[in-house]
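Hi everyone, thanks for coming. Today I'd like to walk you through a structure that may be new to you.

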Amino acid sequence: MPGMNHLITYTGLGVAAWMFLVGLYGIVTSRHLVHLCLCLTVVQASTYVLLTVIGYRPGLPAPIFTDWVQAGSLAVDPVVQALMLTDVVVEATVVALLLAITVKIHKRTGSTDPAAINVMRG
Amino acid sequence: MTIFLLAILLMVAVAGTAVVFTRDPANQTVGVGFLGMVLAIMFMAFNEADVSLSQIVIGAVGLPLMILLALAKLRRDADVAEKEQNGKKR
Amino acid sequence: MNRPLREIFFFAGAIGFALLWTAVSVRLPGPADLRDRYSLAILARTFPERNITDTVSAVNFDYRGFDTVGEEFILFASVLGSMVLLRQAEEKNAKPLPDAITPGRDVGPSDAMRLWILAMVGVKIAFGIYIVDHGQLSPGGGFQGGVILASAALIIYLGHNFDTFKRIMTHPLVEIAEAAGAAGFVIVGMIAWFWHQPFLTNTLPMGKSNEMTSGGTIPIISASVGIEVAGGFVLLLFAFLQETLTVEEEH
């Protein structure tokens with residue numbers, strides 16, 4: 001049904017925009033540095049939703065060729081999946097790096113409030 | 001099937017909103033785990049198998065573990081700093 | 001910049017973002033149009049050219065291999081950064097804190113959990129190696145299998161086998177594995193230079209389909225990425241767990 005597929009695309013794009021804005025709102029109004037890192041996770045999830053919606057082909061199987069799916073037939077977009085696959089693993093390590101920075105900031109200044117960090121000291 | 005895809009997309013939005021509006025990081029870890037699981041189901045529903053496998057392993061094992069370890073370290077550092085302050089006062 | 005001003009700026013930006021997003025979304029083509037020629041070309045070519053049945057691995061390690069090199073080195077740099085940041089703290093606090101990893105300390109979990117962990121470690125390592133090796137035939141590949149292998153070290157920690165855990169973590173093979181995996185990718189790419197081809201061209205013999213040796217350089221690259229991701233996550237775990245291991249004795 002052409003109507004339903006367009007509905008899924010529009011809903012997906014709307015969800016991606018909503019999650020991006022909500023995640024940014026969390027980062028802007030955050031009072032705890034770990035809360036800030038987890039809101040960054042939400043922003044990352046919004047990019048995954050966007051890529052999924054772009055690669056969506058209604059009714060087609062996964063791009064793995066087996067006895068049931070003949071080689072060379074139509075399938076879901078594999079390029080988008082390849083982008084997301086490395087992205088998921090790498091972003092987890094980036095969040096780990098941010099958490100390590102948070103631990104060091106807490107050790108240095110004694111608080112985890114983003115507003116209490118006075119970085120530009122001589 | 002399309003109803004299921006719509007429902008999963010809306011659940012992802014709800015899970016993301018819940019993660020942002022939970023202020024305490026320890027409670028947020030559960031939310032992040034839930035967001036990870038819903039994302040993995042979404043990837044499966046859209047027929048993307050490799051990404052779903054990746055997301056299940058990272059979202060259930062990798063990410064909540066690192067968050068909890070960082071929170072534990074923060075609490076320990078606060079305890080150590082407090083003890084040093086109490087030691088200095090006496 | 002105080003908080004209300006930040007929020008005003010944010011909402012102004014958010015409204016502009018939402019308007020632009022809506023203006024763009026109504027002009028995007030629908031999903032059934034299938035105008036994406038690049039993915040159609042890749043789907044048509046993967047099996048005849050490379051004898052590979054998992055298209056996503058072929059795209060990751062062969063057709064877009066250069067992007068994956070970049071992503072792998074992002075992972076390498078993040079692990080390196082976390083280790084550097086968290087290791088400095090350990091040397092400063094080493095004096096006042098007693099070491100918790102002593103054999104006499106036994107408030108560990110129940111025997112049932114220990115038995116289950118003992119059974120699962122072997123299964124996890126075997127499953128992780130299976131996912132890494134068969135990445136070109138079914139869903140899997142280096143990235144997923146590497147994380148599964150790293151989680152085998154994690155459940156050793158959960159079973160309170162601190163001696164085994166510390167011995168695994170401080171073994172130099174973990175760091176060598178991570179560096180070798182990252183270097184292996186680049187070296188396999190340089191093999192193509194012997195045949196006067198550009199970097200990361202797939203020039204090894206392709207093999208038969210549905211076998212582990214199909215795809216030329218793809219299984220080799222997948223294995224090296226798996227080793228690197230596994231080593232990287234184990235080192236990350238160690239960087240975070242080092243101080244919690246030494247502080248636990250006090251409480």
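Let's start with C:A152, which counts as buried because 21 C-beta neighbours lie inside 10 Å, and the cut-off for buried is 20 or more. Before I go on, please keep in mind that this is a predicted model.

So where does C:A152 sit? Its place is in helix 6 of chain C. Leaving aside residues up to four places away in sequence, C:A152 touches C:V121, C:K124, C:I125 and C:G128. There is also C:V234, which is 82 residues away along the chain, and yet the C-alpha atoms of C:A152 and C:V234 are separated by 9.4 Å.

Now let's step back to chain C as a whole. How many helices and strands does chain C have? There are 9 helices and 0 strands. If you read from the N terminus on, the elements run α-α-α-α-α-α-α-α-α. Chain C has 251 residues, and 35% of them are buried. Take the contacts in chain C between residues at least 6 apart in sequence: 73% of those join residues at least 24 apart.

Let me stay with helix 6 of chain C for a moment, and look at a partner from another chain. Helix 6, residues 142–158 of chain C, packs with helix 3 of chain B, residues 49–89. The angle is about 35 degrees, and the axes are 10 Å apart. The crossing of these two helices is left-handed.

Which residues meet there? On the chain B side, helix 3 brings B:L53, B:S54, B:V57, B:I58, B:V61, B:G62 and B:L65. On the chain C side, helix 6 brings C:F143, C:Q144, C:V147, C:I148, C:S151 and C:L154. By class, this helix contact has 9 nonpolar, 4 polar and no charged residues. As a general point, an α-helix has 3.6 residues a turn, so residues three or four places apart point the same way. You can look for that spacing in the two lists I just read out.

Widening the view to the whole contact between these chains, 15 residues of chain B are in contact with 16 residues of chain C. The chain B side has 10 nonpolar, 2 polar and 3 charged residues.

In the loop between helix 2 (25–45) and helix 3 of chain B you'll find B:N47. B:N47 has a positive phi of about 65 degrees, although it is not a glycine. Is B:N47 buried or exposed? It is buried, because 21 other C-beta atoms lie within 10 Å.

Back to chain C, and on to helix 2, residues 37–50. At 1.5 Å a residue, its 14 residues should span 20 Å, and the end C-alpha atoms are 19 Å apart, so the two agree. Helix 2 of chain C bends by about 30 degrees at C:A44, with a proline, C:P48, following within four residues. Just after this helix, C:N51 takes a positive phi of about 60 degrees.

The buried residues of helix 2 of chain C are C:S39, C:I42, C:L43, C:T46 and C:R50. What do they pack against? They pack against helix 3 (78–109) of chain A together with helix 3 (55–63) of chain C.

That brings us to chain A. Chain A has 3 helices and 0 strands, in the pattern α-α-α. Of its 122 residues, 52% are buried.

Finally, a residue of chain A in a loop. A:G59 is found between helix 2 (33–54) and helix 3 of chain A. A:G59 is exposed, because it has 12 other C-beta atoms within 10 Å, and the cut-off for exposed is 12 or fewer. The C-alpha atoms of A:G59 and A:V22, 37 residues apart along the chain, are separated by 31 Å.

Methods. Residues numbered from 1 in each chain as written. Chains lettered and ligands numbered in written order. Predicted model: local features only at pLDDT ≥ 70, side-chain atom pairs only at ≥ 80, totals over all residues. Axes fitted to C-alpha atoms, helices over the stretch in contact; angles between N-to-C directions. Left-handed = near helix turned anticlockwise from the far one by under 90°. Contact = placed C-beta atoms within 7 Å. Nonpolar A, V, L, I, M, F, W, Y, C, P; charged D, E, K, R; others polar. Expected span 1.5 Å × (residues − 1). Bend = angle between axes of the 7 residues up to and from the residue.
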